[in-house]
Amino acid sequence: MVLTDTHTHLYYETDAVKRSELMQRCIQNDVSRLFLPNVDAASVPLMFELLEAYPGNCFPMLGLHPCSVKDNWEEELAVIQPALHQHKIYAIGEIGIDLYWDKTFLTEQIQAFKLQIKWAKALKLPIVIHCRDAFDEVYQVLLDEQDENLRGIFHCFAGTLEQAQKITALGFYLGIGGVVTYKNAGLDKILPQIDLKHVVLETDSPYLTPVPYRGKPNESSYLIYVAQKVADLYQIFVEEVAEITTENSKKIFGV
C-alpha cells in the first residue's frame, strides 16, 4: 500500500534525529510520498534541506502563503521566484486567500494569488490553494483565471457540498485531512456524495491533527487515520482509498 501526503510542512522539524524518526514512522505507516509546500522566503531553504535528506520521498512546491502576504509581498516573491529553478518543483503552493486572521491585505493577497497562478501556468504546474473564510474571493479568482492550464488542489477542504461541486467542476481536487475525523466538522455527510476520483489525502502537519491524536502536533505518519476514516465513509477498504488517492496525486503532480 502506498499513501501520499499531498500537503505536509514536515520541514518545520529541524532536529535531524527527530526528523529521521518522523520519516521512519511515515514509512512504517506506508506514507512514502510527501509533498511539501513552503510558506514564505524563509521556509525555502528548510524545505530544500529536507528534500536533499530524503529525495526519494519528498517533493517540493513553492509559493507565498496568503498569511505571509504583507506590505513586502513583492519582495518575498522576488526571493521565492529564483528558487523555482534550483530544483524540480511539482506545484506552486501554498497560495490563495485567508481572511480568518486578518482582512487588511485582501487586495495584496489577490494580487499575489494571481501572480503566482501566472507562474504556475508558465511552468505548466498545478497550484495548491489555501482558502480560509474566503471561498467566494478564491472562487472568483479561479473563474477569472480559468483556462486549460489551471488545475490543482483545494487544500484542507472543509466546506459545503455546493462548494465541493464548484471546485470539482473546475477540475480541482479536494485535499482531505484530519478535519474529516472531527465529529462535528460535517465532512462525513458531504464527502460520500463526492466521487473519490476528485479526492487526495493530506495532513497539513504539524497542524489539524486527526483523531485519535487531536490536540497534539500532527505528523505525516498520521495520514493512515485520515485514510481509514475516508475508507469507512465510502465503505471500501483502506487499500483502495490509498490506491485511488495516490493515483489522483500522480495525475496532479506528474510523479
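1. Let me start with Arg25, which is partly exposed at a relative accessible area of 33% (buried is under 20% relative accessible area, exposed over 50%, and partly exposed in between, with a 1.4 Å probe and protein chains only). Its salt-bridge partner is Glu219, with 2.7 Å from N to O (a salt bridge is a side-chain nitrogen of Lys or Arg within 4 Å of a carboxyl oxygen of Asp or Glu). The two are 194 residues apart and link distant parts of the chain: Arg25 belongs to helix α1, Glu219 to the loop between β8 (199-201) and α8 (223-234). Glu219 counts as buried, with 8% relative accessibility.

2. A word on the basis of these notes: this is a predicted model, in which local features need pLDDT of at least 70 and side-chain atom pairs count only at pLDDT 80 or more, while totals for chains, interfaces and linings use all residues. Residues are numbered from 1 along each chain as its sequence is written, and side-chain values use heavy atoms, with hydrogens and water left out. Helices (H or I, at least four residues) and strands (E, at least two) are DSSP runs numbered from the N terminus.

3. How many salt bridges does the structure hold? There are eight. One of them joins Lys121 to Asp147, with the closest N and O atoms 3.1 Å apart. This pair also links distant parts of the chain, 26 residues apart, with Lys121 in helix α4 (residues 106-123) and Asp147 in the loop between α5 and β6 (152-154). Lys121 is buried at 16%, whereas Asp147 is partly exposed at 30%. Both belong to a network of salt bridges that links Lys118, Lys121, Glu145 and Asp147.

4. Another salt bridge joins the side chains of Lys189 and Asp188, with 3.5 Å from N to O. Here Lys189 is exposed, at 60% relative accessibility, and Asp188 is partly exposed, at 25%.

5. Beyond its neighbours within four places in sequence, Arg19 is in contact with Leu10, Glu13, Glu49, Leu50, Ala53 and Tyr54 (contact means heavy atoms within 4.5 Å).

6. Next, helix α5 (residues 135-145). Its buried residues are Phe135, Val138, Tyr139, Val141, Leu142 and Glu145. They lie on the same side of α5, because they cover an arc of only 155° around the axis (the arc is that of the directions from the helix axis to the C-beta atoms). An α-helix has 3.6 residues a turn, so residues three or four places apart point the same way. The cover over the buried residues of α5 includes β4, α4, β5, β6 and α6 (161-169).

7. Now the open space. The largest pocket has a volume of about 620 Å³. On a 1 Å grid over the protein atoms alone, a pocket is an open set of points with protein on both sides within 12 Å along at least five of seven lines, a cavity is a set where a 1.4 Å probe fits but cannot get out, and lining residues have an atom within 4 Å of a point. Grid points are joined across faces, edges and corners, and a volume is the space filled by probe spheres set on the points.

8. Which residues lie nearest the centre of the largest pocket? They are Asp98, His130, Cys131, Arg132 and Cys156, out of a lining of 25 residues. Both β4 (92-98) and β5 (127-132) supply at least two residues of that lining, and β5 gives the largest share, three residues. By class, the lining has 14 nonpolar, six polar and five charged residues (Ala, Val, Leu, Ile, Met, Phe, Trp, Tyr, Cys and Pro count as nonpolar, Asp, Glu, Lys and Arg as charged, and the others, Gly among them, as polar).

9. The structure also holds two cavities of 30 Å³ or more. The largest cavity has about 50 Å³ of space and 13 lining residues, with Cys156, Gly177, Gly178, Val179 and Glu202 nearest its centre.

10. Finally, the second largest cavity has about 30 Å³ of space. Its lining consists of Phe135, Tyr139, Leu142, Phe154, Ile167, Leu170 and Phe172, which divide into seven nonpolar, no polar and no charged. Helix α5 provides the largest share, three residues.
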